[in-house]
Each structure stands twice: as structure tokens, then as C-alpha cells.
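Subject: Structure handover

Hello,

Here is the structure you will be taking over. My notes on it follow below.

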Amino acid sequence: MPSYVTDANLSSTELAFCGATAGVISRVVIAPLDVVKIRMQLQTHRTHFSFNAPKKHQLTSKIKYSNTIQALKTILKEEGIRGLYKGNMPAEYLYLSYNAVEFWAYKELEQRIEKIDKEGRLLSHPLKTFSSGMIAGCMATTATYPFDLLRTRFAAATSVRGSGKDYTTVARAIVDIYEKEGIHGFYRGLWPAIIQIMPYMGLLFSSYDLFAKGFKKLRDEQVLSASYKPTHDMISGALSGLFSKTMVYPFDLVRKRMQMEGTIRKSWLTCIKTVVKQEGYRSLYKGLIPSLVKVGPANAVTFMVFEETKDILLWLKKK
């Protein structure tokens, strides 16, 4: 049985087009929150679980980005509106290519799994959607990772020049990274990205399929109006994104730290240990709030635009 995402009347290439369209539009919506999340992830102050921590630990005057609203105001004040869209061009390339590869791969994988397990004895439907999403996410991450690294480098750059990582153009950044770090530099932090993306995309697709099919059943039973389908798709996307991101967030933080290391060589496991030792366990969740604020709308817009684009293609085919 096909998942809610795929359709028997659309090819893998057509689903890739739907995914690319959704990726470009969703990126425009969430770009400022992505910059805030990355800035907060790259701060190296110690954080504490307890609200009764010593006063010296409660002071945030030396922390540049203490919360989402304050960070947005600080960036606007120091760098203007353009500061909230730093790294947006490589991020647009990333979202476009990532979503295209991901949805293409998801369709291909789902078809192959269905052929192998026609009677559903080997894998249940949720496991099929989880497996397809997990592998599709790995393929898309590996294929588009250099764009992710460039996005991080640009978003982390401040208005202060001369840091060595303040790139003026995408082309200049590519040349600079290649000259100083080699080909390996474009894939710094790939392993924590893969480790993060496997459960994340598996959970995202399987939970979205669950939520979206739940809404579809209610529409079929006329409990909910079919005219609100785009809203239902948005809610399903937002809920699945929030759940998945919270589960795998520490690996996202480690990935960003490794992307900013430059020529320093450090394994992802060493990076986790260093963060925990120097900054505390809670620091593995730095930037979680802006990340969740971002991932909810991002997945809501992504899946809504994807489903609407899919419906338009189906309508054109019928015509």
C-alpha cells in the first residue's frame, strides 16, 4: 500500500519536482529562524538544567544570543535585515536539491520495498515508510551536504570582517574552502549528519503518513471538510517535524560545530564529549527552541506545498 506522500499516477521525477518546489518556498519562510538557530548552536557558554543554579551562571549579559526574540533583535540591530538571510543562497540550493533527491529516492525505495514484500509479511506499513524515509534522507544528505556546510558558514558569519570565514560570495567560499581544507572540508560533520538524518527522516515520513492518513480518514467519513485539506497537510507536517527534530537534535548541534572547525580534525564522538565536558549536557540542546519554531512552519509549508503541487500535476494529467 503506497504511503500518503506518493501516488501511483506520479513518477519519481514528478515527485522530485514537487519536492524541489516545496523546498524553495519553505526556505524563504524559515530563513531568519535558521540563522538564529545556527548562531545559538555555535555559542560555547555552559548551560545548566537547574533553575536554582548559582547567580553567576544565571547571568546572560555575556551571552550574545540568549533567546530567539533577543537574537532576532540583535542581528537586526547589528547587521540589518540582510543579516537574517545570510547563507540564504546556498540554503536555497540545499533545500531545492535536497527535497528533489529525497522525494525521488523515497518513491523509488517505496516501490522496491513493495515489490520485495508484496504480502506485507516482512515489514509493516509504518516500518516501510520509516525505512524509505531513512534511506532517502541519507541519500539526499550525502548528495547535497556541501550546500549545507556553505549555509552554515555564511549564517555564522558576523558583521565583523577578517575572521577568515566571512565569505562574500558562494564562489569565493567554495574556492577558499577547497584551498584551505581540500575536498574533505566540504564534508566536515557528515557522519553526525547521517546519524541524525537516519532516525529523523524515518520518523518524519512515518509520523507524517500517520497524521495525514488520520486526517484523510476523517475527511472520507465527512467528519472534516475536504476544503481544509491544505490545512490538514500543514498540521500533519508541523507535528511530524516537531516530534522528529526533538528526538535527534544533539546530532544537529554537533554537526554545526564540526562544520565550523575548519582545518581542525575531530571525530563526532569526540565533539559530543567535548561539548558535554566543557558546557554541560543541556548544551546539546542549544538553539532547540528556535529550531522547533523553525521546523514546525518549515515542515508545514513543505508538505502543504508538496501536496498542492502534487494535486496540480494530477489535475493536469487528467486534463
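Are Tyr 208 and Phe 303 buried or exposed? Both of them are buried. Please keep in mind that this is a predicted model.

Overall layout

The protein chain has 10 helices and 0 strands. Of its 319 residues, 52% are buried. If you take the contacts between residues at least 6 apart in sequence, 82% of them join residues at least 24 apart.

Aromatic residues

There are 10 aromatic pairs in the structure. One of them is formed by Tyr 4 and Tyr 208: the ring centres are 5.9 Å apart and the planes stand at 70°, so this pair is edge-to-face. Tyr 4 sits in the segment before helix 1 (12-41) and Tyr 208 in helix 7 (residues 190-220), so the pair ties together parts that lie 204 residues apart in sequence. Tyr 4 and Tyr 208 are both buried.

Tyr 208 also pairs with Phe 303. Here the ring centres are 3.9 Å apart with the planes at 20°, so the pair is stacked. This pair, too, links distant parts of the chain, with Tyr 208 in helix 7 and Phe 303 in helix 10 (residues 288-318), 95 residues apart.

These residues belong to one aromatic cluster, formed by Tyr 4, Phe 103, Tyr 106, Phe 205, Tyr 208, Phe 303 and Phe 306. Lys 310 lies over the face of Tyr 4, 5.6 Å from the ring centre. Elsewhere, Lys 245 lies over the face of Tyr 200, at 5.1 Å from the ring centre.

Salt bridges

The structure contains 22 salt bridges. In one of them, the side chains of Asp 34 and Lys 294 meet at 3.0 Å, N to O. Asp 34 belongs to helix 1 and Lys 294 to helix 10, so this bridge ties together parts 260 residues apart in sequence. Both Asp 34 and Lys 294 are buried.

Another salt bridge joins Arg 39 and Glu 79, whose closest N and O atoms are 3.1 Å apart. Since Arg 39 is in helix 1 and Glu 79 in helix 3, the pair ties together parts that are 40 residues apart in sequence. Arg 39 and Glu 79 are buried as well.

Arg 172 and Glu 179 form a salt bridge too, with the closest N and O atoms 3.8 Å apart. Arg 172 has a relative accessibility of 38% and counts as partly exposed, while Glu 179, at 59%, counts as exposed.

Some salt bridges share partners, and these join Arg 27, Asp 34, Lys 37, Lys 245, Asp 252 and Lys 294 into one network. Asp 34 and Lys 294 are the pair described above at 3.0 Å, and Lys 245 is the residue that lies over the face of Tyr 200.

Surface

Leu 76, Ile 81 and Tyr 85 make a nonpolar surface patch of about 270 Å². Ile 81 is located in the loop between helix 3 (68-79) and helix 4 (88-116). Why does Ile 81 count as exposed? Its relative accessible area is 56%, and the cut-off for exposed is over 50%.

Regards

Terms used:
Residues numbered from 1 in each chain as written. Predicted model: local features only at pLDDT ≥ 70, side-chain atom pairs only at ≥ 80, totals over all residues. Heavy atoms only, no water. Helix = DSSP H or I, 4+ residues; strand = E, 2+ residues; numbered from the N terminus. Buried < 20%, exposed > 50% of the residue type's maximum accessible area, 1.4 Å probe, protein only. Contact = heavy atoms within 4.5 Å. Patch = residues over 30% accessible without salt bridge, like charges linked within 9 Å, V, L, I, M, F, W, Y side chains within 5 Å. Areas by Shrake-Rupley, 256 points an atom, 1.4 Å probe, with all protein chains shown as cover. Salt bridge = Lys/Arg side-chain N within 4 Å of Asp/Glu carboxyl O. Phe/Tyr/Trp six-rings, centres within 6.5 Å; stacked < 30°, edge-to-face > 60°. Lys NZ or Arg CZ within 6 Å of the ring centre and 35° of its normal.
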